[in-house]
Amino acid sequence: MRAFTTLQGLVCPLDRANVDTDAIIPKQFLKSIHRTGFGPNLFDEWRYLDHGEPGRDCSARPKNPDFVLNQPRYQGADILLARENFGCGSSREHAPWALDGYGFRAVIAPSFADIFFNNCYKNGLLPIVLPAAAMDQLFREVAAQEGYRLTIDLAAQTVTLPSGQVFKFDITEHRKHCLLNGLDEIGLTLAHADEIRAYEEYRRQSAPWLFG
């Protein structure tokens, strides 16, 4: 998993509430259990004018010019602004896979669905909760200024605006440690590899009949 430390990123505003995981990555793409390759199908039903299917080349598909991800000013964005209850619906881990695959490293919203929120941390995506008033300000400023960028400092737990204004956000120490060091649950386990090997050797010596 990629570590997250600081990010100065272009912002893309998705001004919709209650965006569910089927909108983030539609159900037909769940046939794949690979963690990669979902970026072209992020927000597939909003992003394209035709129906998408797994394995289809998206480069020639007709795009919806009114959808925010297709607007030239937001190309290359790596921070997504959203409204309340982002990631609601079914508990598919493909949703953060698709956001990460597109290039987003952080999502900022006033609230998230719990399972989606937890899945973000397991995949190196930083979900940031800010008050509704702060979100309203960010949406206004992004609309008014092309090339709007934010600076996110995970260690300091801050979001800094182009004006220098700073918003603080909360995160548990465990989640912060994992993101800063690029550790998912497997990585956390492997960090104790020496102790695991020592215990296995101890069990082999103390209870050899268990090992045939």
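Reader: How many aromatic pairs are there in the structure?

Author: There are 11 aromatic pairs. Rings of Phe, Tyr and Trp (its six-membered ring) pair if their centres lie within 6.5 Å; planes under 30 degrees apart count as stacked, over 60 as edge-to-face and the rest as tilted.

Reader: What kind of pair do Phe43 and Phe67 form?

Author: Phe43 and Phe67 are edge-to-face, at 5.9 Å centre to centre with 65° between the planes. Phe43 is in the loop between H1 and helix H2 (44-47), and Phe67 is in the loop between H2 and S2, so the pair ties together parts 24 residues apart in sequence. Helices (H or I, at least four residues) and strands (E, at least two) are DSSP runs, numbered from the N terminus.

Reader: Are Phe43 and Phe67 buried or exposed?

Author: Both Phe43 and Phe67 are buried. Buried means under 20% relative accessible area, exposed means over 50%, and partly exposed is in between (1.4 Å probe, protein chains only).

Reader: Before we go on, where do these values come from?

Author: This is a predicted model: local features need pLDDT of at least 70, side-chain atom pairs count only at pLDDT 80 or more, and totals for chains, interfaces and linings use all residues. Residues are numbered from 1 along each chain as its sequence is written, and side-chain values use heavy atoms, with hydrogens and water left out.

Reader: OK, back to rings. Which residues do ring pairs link into a cluster?

Author: Phe86, Phe112, Phe116, Phe117 and Tyr121 are linked that way. Phe86 is buried, at 0% relative accessible area. Phe112 also counts as buried, at 10% relative accessibility.

Reader: What charged residues sit over rings?

Author: Arg16 lies over the face of Trp46, 4.0 Å from the ring centre. The charged end of Arg204 is over the ring of Phe211, 4.9 Å from its centre. The test is that NZ of Lys or CZ of Arg is within 6 Å of the ring centre and within 35 degrees of the ring normal.

Reader: New topic. How many salt bridges does a search of the whole structure find?

Author: The search finds nine. A salt bridge is a side-chain nitrogen of Lys or Arg within 4 Å of a carboxyl oxygen of Asp or Glu.

Reader: What does Arg83 meet in a salt bridge?

Author: Arg83 meets Asp15 at 2.6 Å, N to O. Arg83 lies in the loop between S2 and H3 and Asp15 in the loop between S1 and H1, so the pair ties together parts 68 residues apart in sequence. Arg83 also meets Asp136, at 2.7 Å, N to O. Asp136 is in helix H5 (residues 132-144), so that pair ties together parts 53 residues apart in sequence.

Reader: How exposed are Arg83, Asp15 and Asp136?

Author: Arg83 is buried, at 16% relative accessible area. Asp15 is exposed, at 52%. Asp136 is partly exposed, at 33%.

Reader: Which residues do salt bridges that share partners join into one network?

Author: Asp44, Asp50, Arg56 and Arg61 are joined into one network.

Reader: Now the sheet. What is the order of its strands?

Author: The order is S4-S3-S2-S1-S5-S6-S7, in an open sheet of seven strands with mixed pairing. The edge strands are S4 (126-129) and S7 (166-168), and each pairs on one side only. Two strands pair if DSSP finds at least two bridges between them.

Reader: In which sense do S1 and S2 pair?

Author: Strand S1 (residues 6-13) and strand S2 (residues 79-81) pair in the parallel sense, over three bridges. Val11 stands opposite Ile79 in S2.

Reader: What about H3? Which of its residues are buried?

Author: His94, Ala95, Pro96, Trp97, Ala98 and Leu99 are buried in H3. The buried residues of H3 pack against H1, S2, S3 and H4. Contact here means heavy atoms within 4.5 Å.

Reader: Last one. Where is Gln157, and what is its phi?

Author: Gln157 is in the loop between strand S5 (149-153) and strand S6 (158-160). Its phi is positive, about 60°, although Gln157 is not a glycine. Most residues other than glycine have a negative phi. Gln157 is buried, at 13% relative accessible area.
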